[in-house]
Amino acid sequence: MQRTDVTEMIMTAKIRKGIRWCDVAERVGLSKEWVTAGCLGQMTFDARQAAIVGEVFGLPEEAVLVLQQTPYRGSLPTAVPTDPLIYRFYELVNMYGTTFKALIHEEFGDGIMSAIDFRMDLQREPDPAGDRVSITMSGKFLPYKTY
C-alpha cells in the first residue's frame, strides 16, 4: 500500500462521512493545519495519532502503519501548479518572493525561514466586501553559518 492510496482512502471517507478537518484535529489534539497536512501525506503521525486518524476514517491496519512512515514531501504533480488556488500561492512567491527575502534579511540577517520548525494558522476573516482568507505562517529563523 502506497501513501497516495491512504490519502485517497482518507478523502473518500471524509466525503462519505462528512468529516471536517477541524474535527479530526480536535480528536488528534493538534492544529487543523498540521493534521490536514498529515492526512494529505506531508507529515508523519506517531502510533497514537495514526490510530485516531485510522478510527476516524475507518482505515485498515495497514493504512494506519503507512501513516507512521516518513513521507516523501512535496505533493504537487507539476513544477508550476495548475490548480487555481494553489497557483495563487505560486503567484505570491513569484510577485513577493524577493520582497519576503529582502525584508527577512533586513530584519534577521542572512538565513532562511524554516518549514520544519513551523506553525500555520488559517482563519476566515469576515469583511463587508467579502470574507477574506487570513493565513499566518511562523517559521523559526535559521541563519547561515560559517565553517
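This is a predicted model: local features need pLDDT of at least 70, side-chain atom pairs count only at pLDDT 80 or more; totals for chains, interfaces and linings use all residues.
**Figure 1**
Start at the N terminus and follow the chain: the elements run α-α-α-α-α-α-β-β. Along the principal axes, the C-alpha atoms fill a box of roughly 50 × 50 × 30 Å. Of the 147 residues, 25% are buried. The protein exposes about 10800 Å², and 58% of that area is supplied by carbon and sulfur atoms. Now take the contacts with a separation of 6 or more: 52% of them join residues 24 or more positions apart.

**Figure 2. The largest pocket, holding about 2900 Å³ of space.**
How do we find a space like this? Rolling a probe the size of a water molecule over the atoms shows where empty space is left. In this model, 50 residues line the largest pocket, and the closest to its centre are Ala37, Phe89, Phe118, Met120 and Met137. Which elements give two or more residues to the lining? They are helix 1 (3-17), helix 2 (21-28), helix 3 (32-39), helix 6 (84-108), strand 1 (111-125) and strand 2 (132-143). Strand 1 provides the largest share, with 10 residues. Sort the lining with the scheme at the top and you get 26 nonpolar, 10 polar and 14 charged residues.

**Figure 3. Strand 1 and strand 2, paired in the antiparallel sense.**
How many bridges link strand 1 and strand 2? There are 11 of them. For one of these, look at isoleucine 112, whose bridge partner is leucine 142 in strand 2. While you're looking at strands, here's a handy rule: in a regular strand the side chains alternate between the two faces of the sheet.

**Figure 4. The turn of the hairpin, with glycine 130.**
Strand 1 and strand 2 form a hairpin with 6 residues between the strands. Zoom in on glycine 130 here, and you'll find a positive phi near 130°.

**Figure 5. Threonine 7, a residue of helix 1.**
Is threonine 7 buried or exposed? Its relative accessible area is 16%, so threonine 7 is buried, as the cut-off for that label is under 20%. Leaving out residues up to four places away in sequence, threonine 7 touches Cys39, Leu40 and Gly41.

Note on methods. Residues are numbered from 1 along each chain as its sequence is written. Side-chain values use heavy atoms; hydrogens and water are left out. On a 1 Å grid over the protein atoms alone, a cavity is a set of points where a 1.4 Å probe fits but cannot get out, and a pocket is an open set with protein on both sides within 12 Å along at least five of seven lines; lining residues have an atom within 4 Å of a point. Grid points are joined across faces, edges and corners, and a volume is the space filled by probe spheres set on the points. Helices (H or I, at least four residues) and strands (E, at least two) are DSSP runs, numbered from the N terminus. Ala, Val, Leu, Ile, Met, Phe, Trp, Tyr, Cys and Pro count as nonpolar, Asp, Glu, Lys and Arg as charged, and the others, Gly among them, as polar. Buried means under 20% relative accessible area, exposed over 50%, partly exposed in between (1.4 Å probe, protein chains only). Contact means heavy atoms within 4.5 Å. Accessible areas come from the Shrake-Rupley method with a 1.4 Å probe; for residues, only the protein chains shown count as cover. Two strands pair if DSSP finds at least two bridges between them.
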